[in-house]
Amino acid sequence: MKKVVMVSKPTFTLTKQQIEQKAIALGFSKVGITSARSDKEVEHLNAWLGMGYHADMAWMQNPKRQDITQVMTGVKSIICVALNYYTPHEHQEQQEYAKISRYGWGRDYHRVLGKRLKALCAWIEAQSLDTESDRVQTRYYVDTGPISEKALAERAGIGWIGKHGNLITREYGSWVFLGEILTNLDLEPNTPHTQHCGTCRRCMDACPTDAIAQPFVVDANRCIAFHTIENKAADLPTRVAANLNNWVAGCDICQDVCPWNQRFAQPTSIEDFQPYPQNLAPKLEELATISEQEWEQAFTGSALRRIKPDRLRRNAKAAIASNSE
């Protein structure tokens, strides 16, 4: 009788280095890995929520933010990525022009990062075995789920959370979009990034509404970015409306004054992040009367679609009123 030799199919094991190399090849600016465990960010989040600094962002209270294993069963590691979006254009300071945050100048970052994250997930999963029990699982997010993305990115060594609450990288400052891939792969984690704000408080001093209540703690109730984007009320709070300084979609003041941005910002290589002409210097008067159809045409494929026409008109009118006082 002929002897049958059973040869088991070897398991393909991905390494951290292979994943990092693939992420960079797909165009990401930075990549890091951390383990799926709770850390000090949970304590920080609870303290922030306890002070009511989340305003009416009820989704910040989602219990899944406290335990990432509730987001994906079996998750062991989180692959964090960053993508530089800076372009060397300046905001118009003339009184008739509205200001839009840099994040919204070009194509919707959810789409740009999502396309690359989807490709990275597909590549990772393609390295798994055919059997369901051994299959590599992935799930990606771009500012779309109950993920403490800045805290995870800091833990993954990509950068550190600055006093203004944004993630700062040595190479690009804070002009980076973040994304995450949750996976059941058990990967070697990176060393968490150290903090490098020192005694600097330029962001705190520059905020016209004192939204940075204390270092590393932002009060959304006083934040221009929150109110121009998320606040659905008919009118803006008096303190915010009086200090808009023509911001109608987000606010970059705390980032513009940051020394890390002033010294280390680099132009992005991503063409999709180049500004749409209408976003660099729109006129307040035009935004104050923008119609539904005009809004549709102006913000196709833009992250600014989150700001509905009625809110955009509200913001522009408030800025005009503030300028006339």
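Are Tyr85 and Trp175 buried or exposed? I looked them up in this predicted model, and both Tyr85 and Trp175 are buried.

**Entry 1: aromatic pairs**

I searched the whole structure for aromatic pairs and got eight. I began with Tyr85 and Trp175. Their ring centres are 6.0 Å apart and the planes stand at 85 degrees, so I logged the pair as edge-to-face. Next I checked where the two residues sit. Tyr85 is in the loop between β2 and β3 (99-100), and Trp175 is in the loop between β6 (167-168) and β7. The pair therefore ties together parts that are 90 residues apart in sequence.

I then turned to Trp160 and Trp260. They also form an aromatic pair, with 4.9 Å from centre to centre and 75 degrees between the planes, which is edge-to-face. Trp160 belongs to strand β5 (residues 160-161) and Trp260 to helix α9 (residues 259-264), so this pair joins parts 100 residues apart in sequence. I looked up accessibility for both. Trp160 has 0% relative accessibility and counts as buried. Trp260 has 18%, and because buried means under 20%, Trp260 counts as buried too.

Which residues do ring pairs link into a cluster? I found Tyr85, Tyr86, Tyr103, Tyr109, Trp175, Phe177 and Phe273. Trp175 has a charged neighbour as well: Arg102 lies over its face, 5.2 Å from the ring centre.

**Entry 2: helix α3**

I compared the span of α3 (residues 109-126) with expectation. I listed the buried residues of α3: Tyr109, Val112, Leu113, Gly114, Arg116, Leu117, Leu120, Cys121 and Ile124. Tyr109 is also a member of the aromatic cluster.

What do the buried residues of α3 pack against? I noted α1 (16-25), β2, β4 (138-141) and β7 (176-183).

I followed up the α1 partner. The axes of α1 and α3 come within 10 Å and cross at roughly 145 degrees. The crossing is right-handed. On the α1 side the contact is made by Gln18, Ile19, Lys22 and Ala23, and on the α3 side by Leu120, Trp123 and Ile124. Leu120 and Ile124 are among the buried residues of α3.

I also checked Ala119, which is found in helix α3. Ala119 is partly exposed, with a relative accessible area of 32%. I took its distance to Leu26: 7.9 Å from C-alpha to C-alpha, although 93 residues separate Ala119 and Leu26 in sequence.

**Entry 3: helix α13**

Here I repeated the span check. Helix α13 (residues 309-324) has 16 residues and reaches 23 Å from its first C-alpha to its last, close to the 22 Å expected. I listed the buried residues of α13: Pro309, Arg311, Leu312, Arg314, Asn315, Ala316, Ala318, Ala319 and Ser322. What covers the buried residues of α13? The cover includes α6 (224-229), α7 (238-241), β10 (247-249), α11 (284-288) and α12 (292-298).

**Entry 4: Met72**

I located Met72 in the loop between α2 (40-50) and β2 (77-84). Its relative accessibility is 4%, so Met72 counts as buried. I then asked which residues Met72 is in contact with, leaving aside its neighbours within four places in sequence. They are Gln137, Thr138, Arg139, Leu182, Thr183 and Asn184. I also took the distance from Met72 to Gln255: they are 183 residues apart in sequence and 33 Å apart in space, C-alpha to C-alpha.

**Entry 5: positive phi**

Most residues other than glycine have a negative phi. I looked at two with a positive value.

Asp143 has phi near 55 degrees. Asp143 lies in the loop between β4 and α4 (149-155). Its relative accessible area is 42%, so Asp143 is partly exposed.

Asn246 has phi near 75 degrees. I placed Asn246 in the loop between α7 and β10. Is Asn246 buried or exposed? At 5% relative accessibility, Asn246 counts as buried. The elements on either side of its loop, α7 and β10, are among those that cover the buried residues of α13.

Technical notes
Residues are numbered from 1 along each chain as its sequence is written. This is a predicted model: local features need pLDDT of at least 70, side-chain atom pairs count only at pLDDT 80 or more; totals for chains, interfaces and linings use all residues. Side-chain values use heavy atoms; hydrogens and water are left out. Helices (H or I, at least four residues) and strands (E, at least two) are DSSP runs, numbered from the N terminus. Buried means under 20% relative accessible area, exposed over 50%, partly exposed in between (1.4 Å probe, protein chains only). Contact means heavy atoms within 4.5 Å. Rings of Phe, Tyr and Trp (its six-membered ring) pair if their centres lie within 6.5 Å; planes under 30 degrees apart count as stacked, over 60 as edge-to-face and the rest as tilted. A charge sits over a ring if NZ of Lys or CZ of Arg is within 6 Å of the ring centre and within 35 degrees of the ring normal. Axes are lines fitted to C-alpha atoms, for helices over the stretch in contact, and angles run from 0 to 180 degrees between N-to-C directions. A crossing is left-handed if the near helix is turned anticlockwise from the far one by less than a right angle, and right-handed if clockwise. The expected span of a helix is 1.5 Å times one less than its number of residues.
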